[in-house]
Amino acid sequence: RSSVRNKFLFIFISIIIIPTLFTISVSYEVFVRELRSSYTSNNVALLNQLNKRLDDYFLLLGDYSLSVGINDTLSDLSSSQNWTLSEKKLKELTALFFQRKETNSILFYYPISKEAFVINKATVRYFQNADDIEQLEWYQESAERQNASRIRPTHHLTGYAPKYMFDRATPVFSVERSFTTYMGGKVYGVLCVNYETDVIENICRDMFSHESEQIVYLDSGGDYFYASGEQDSDIRKDIFQKMTVSGEREGAFEYVDAGHTKRLVVYCASDSTGNILYKSILSSEIYEKANSFRSTNLTITIFVFLIFVAMILALSNRIIKPLSALENTMKKVGDGDFNTTVPVVTTDEIGRISNAFNIMTARINGLINEKYRIQMISQMAQIKALQAQINPHFLYNTLQTIGSVSLKEGKKDLYN
């Protein structure tokens, strides 16, 4: 059955609750977009700064490597005796080794004399007949570049003969460079300086703001220098492909892995080296603030809803209770009880209606009583008129007729 209370609740839900929920939903979506945009722009700026630091660091390492061969003069190169181990060259390489604490090892190879200098934490010496180094892939690539340096991404020092005593377990990245003569452009030396990757981790450490964040540093070909945490190589390759396909130097996109976990990937590429630095974070971590914002708004909305419902119930009860009393009284009046009245407890419209109803029923009751009184008087007058018509003569004639009929019927007792 329809009631004023239900109508109040319906109006309240239609006018306040539904628009409020819609506003919360829209504001949540807007807040999520703004949060993602803010996170992306801030981290792109930070990644650009970090890329610049790494570029400067690698440029510095390249300058260090250049100083090793730049002191070799034409007179040194003209005599084969000068290709043998010299105290001067050993001091240069040792100085380079101790120049940076992250230096893992150094190899300098003379292809003409087939001699090599090796300096690491286990040995400092040179080797004759070290032409096995020429079979290594990095050596062949460096010899082809001629006077150009290359930063080789993270790898392990495998493929070397045991006599060189390289640390095979520690991951390193390498600065590789070849040196050529001024005349003829012949390669007279190849240098490989290996650095431990901890330094890159230390440079990248300031970039972390959430536990779920991962930072990966790749070269232009997709090989990694550094990756925080554990990340599957297939995922890294997939993310690298998405970044290169976009054609943008910087940007962001959402990546969904095989386990349907969503991560926001923010990246930027170096203008000078082409190396790519990207940062990924669980989307749920970014949207945590938005979810908290939505939960707070929903909590406030529910609280306000309960307060309004309580107010509506109290208000409707204040209105409905006297209306119910009026309704019950009207039913009694409809059943003929005109002596009943509505209790008037307020002076508002409902109170005035109740008072007017009481006045109306009192008047109706008065009219009914007046009509009944008049009717009774009329009936009494009629009775008196009939009594006046019944006189003694009429009674005598009636009794005589009854007696005559009784004699004819032989009922003397009735006649007597």
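This is a predicted model: local features need pLDDT of at least 70, side-chain atom pairs count only at pLDDT 80 or more; totals for chains, interfaces and linings use all residues.
The model has 21 aromatic pairs. One of them joins Phe-173 and Tyr-195, whose ring centres are 5.7 Å apart, with 25° between the planes. Planes under 30 degrees apart count as stacked, so this pair is a stacked one. Where do Phe-173 and Tyr-195 lie? Phe-173 belongs to strand β5 (residues 172–180), while Tyr-195 belongs to strand β6 (residues 187–196), so the pair ties together parts that are 22 residues apart in sequence. Phe-173 has a relative accessible area of 0%, which means that this residue is buried. Tyr-195 is buried as well, also at 0% relative accessibility.

Phe-173 has another partner to show you. With Phe-225, Phe-173 forms an edge-to-face pair, 6.4 Å from centre to centre and with 80° between the planes. This pair links distant parts of the chain: Phe-173 is in strand β5 and Phe-225 is in strand β8 (residues 224–227), 52 residues apart. Like Phe-173, Phe-225 is buried.

Finally, step back to see how these rings come together. Phe-173, Tyr-195 and Phe-225 are members of one aromatic cluster, which also includes Tyr-57, Phe-58 and Tyr-217.

Note on methods:
Residues are numbered from 1 along each chain as its sequence is written. Side-chain values use heavy atoms; hydrogens and water are left out. Rings of Phe, Tyr and Trp (its six-membered ring) pair if their centres lie within 6.5 Å; planes under 30 degrees apart count as stacked, over 60 as edge-to-face and the rest as tilted. Helices (H or I, at least four residues) and strands (E, at least two) are DSSP runs, numbered from the N terminus. Buried means under 20% relative accessible area, exposed over 50%, partly exposed in between (1.4 Å probe, protein chains only).
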